[in-house]
Amino acid sequence: MSADVLPAVRNPNELSDREAMGLPGRLVERLPHDLFAAHPDLFTRPVEQLAALCADPAEPFERRYAAGSVLGLRGDPRIRPDDPELVDVPAATVELGLPEDQVASVVERWARYGVVDSWIRKECPRHQVDIAAFRIMRYPVTNLEYRRFLADTGHTTLPTSWQFGGYPLARANHPVWTVRPEDADAYATWLSARTGRRFELPTEAEWEYAAGGGDGREFPWPGDFLDDHANTVEEGPLDTTPVGVYPAGRTPFGAEDMAGNVEEFVADDYRPYEGGHPVDDDLVVRQGTYRVARGGSFTRYGDLARCARRHGWFDRSIYAIGFRLVERP
């Protein structure tokens, strides 16, 4: 993705979706049109081998993507609606957020994509949080899991990403998007009642700690942003991907897709951190109170993949937001 595709001083919320994503007015192909024809062996491999291929960083992305897609059609053993795979996050006292003296450098680094001071200043100040041990879903909630919830409850609000309300069968193991935060809360309540366990959306602090490991890294991996570590607009296929096909972007605790694919709602509405100041950015001005979302997505640039980034939902297709849950004792 060329660094000068998006006009430097334009707010992406004032552009069309394609303009905000830096896409030209012509056909864009991020995956070869004959992708599946090039990997015919995937259709006969055992599903366990396909799952292993998805998680192997030594495999080319196209092969991981194809393996995950075939797995979704054949039945993905990684997706367990009543018993989702969880990773353990230990109790810790961690420093979260961003020091105020780093705001200008973050804005400068991402200004070519329309990032402005107010969006980043919400991350301030750097602060200390005591977090009890918890478990978090390895993957975001998928279309298959959300379908089970809808079928079981009769819940009538459908994901806007399901065209005409139809279940996207070929994307069974892709993360669900876009749902409202109250739908995500309802899913957690349903899964808790169904399993007799306690599931909830993570707090902001829990999400950021689970994504970055609490060691001060900016992304789930060490160092700077890397295009091939997450499904973002820079080099991704411009669509959701099967969960877990970006193993290099795995978090220190083993969670997948916390830097890209879809953004994720947390339990908290936006408010300034203790010692910080309210920031009246676009979301506050247009919506007032809003639920915080974390992590990047296939429609957005790598600035949203930063572990500390706080943002939210506009009623536009470019805001692809799903969720994952934590389990508490």
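**Exercise 1. Determine whether Tyr-290 is buried or exposed, and describe its aromatic pair.**

Solution. Tyr-290 has a relative accessible area of 4%. Buried means under 20% relative accessible area, exposed over 50%, and partly exposed in between, with a 1.4 Å probe and protein chains only. Tyr-290 is therefore buried.

The partner ring belongs to Tyr-270; the two centres are 5.6 Å apart and the planes make 5 degrees. Rings of Phe, Tyr and Trp (its six-membered ring) pair if their centres lie within 6.5 Å; planes under 30 degrees apart count as stacked, over 60 as edge-to-face and the rest as tilted. The pair is stacked.

Tyr-270 lies in the loop between β6 and α9 (282-287), and Tyr-290 in the loop between α9 and β7 (291-294), so the pair ties together parts that are 20 residues apart in sequence. Helices (H or I, at least four residues) and strands (E, at least two) are DSSP runs, numbered from the N terminus. Tyr-270 is also buried, with a relative accessible area of 14%.

This is a predicted model, in which local features need pLDDT of at least 70 and side-chain atom pairs count only at pLDDT 80 or more, while totals for chains, interfaces and linings use all residues. Residues are numbered from 1 along each chain as its sequence is written, and side-chain values use heavy atoms, with hydrogens and water left out.

**Exercise 2. State the mean pLDDT of the protein chain and where pLDDT stays under 50.**

Solution. pLDDT is the predictor's confidence in each residue, from 0 to 100. Its mean over the protein chain is 94, and 97% of the residues reach 70 or more. Over residues 1-5 pLDDT stays under 50; for these the model has 11 contacts (heavy atoms within 4.5 Å) beyond four places in sequence.

**Exercise 3. Give the strand order of the open sheet and identify the strands at its edges.**

Solution. The order of the 4 strands is β1-β4-β9-β5, with antiparallel pairing. Two strands pair if DSSP finds at least two bridges between them. At the edges stand β1 (86-89) and β5 (198-200), each with a single partner strand, so one side of each is left without a neighbour in the sheet. On average, neighbouring strands are turned by 35 degrees against each other, direction ignored.

Between β4 (residues 134-137) and β9 (residues 326-328) there are 2 bridges; Ile-136 has Val-326 as its bridge partner in β9. Helix α8 (residues 204-212) packs on the sheet and touches β1, β4 and β9, its direction making about 75 degrees with that of β4. Axes are lines fitted to C-alpha atoms, for helices over the stretch in contact, and angles run from 0 to 180 degrees between N-to-C directions.

**Exercise 4. Which residues have the most contacts inside the largest nonpolar core?**

Solution. A nonpolar core is a set of buried Ala, Val, Leu, Ile, Met, Phe, Trp, Tyr and Cys residues joined through side-chain atoms within 4.5 Å. The largest has 48 residues, and those with the most contacts inside it are Trp-110, Ile-120, Ile-131, Phe-134, Ile-136 and Met-258. With 5 residues, α8 gives the most to this core.
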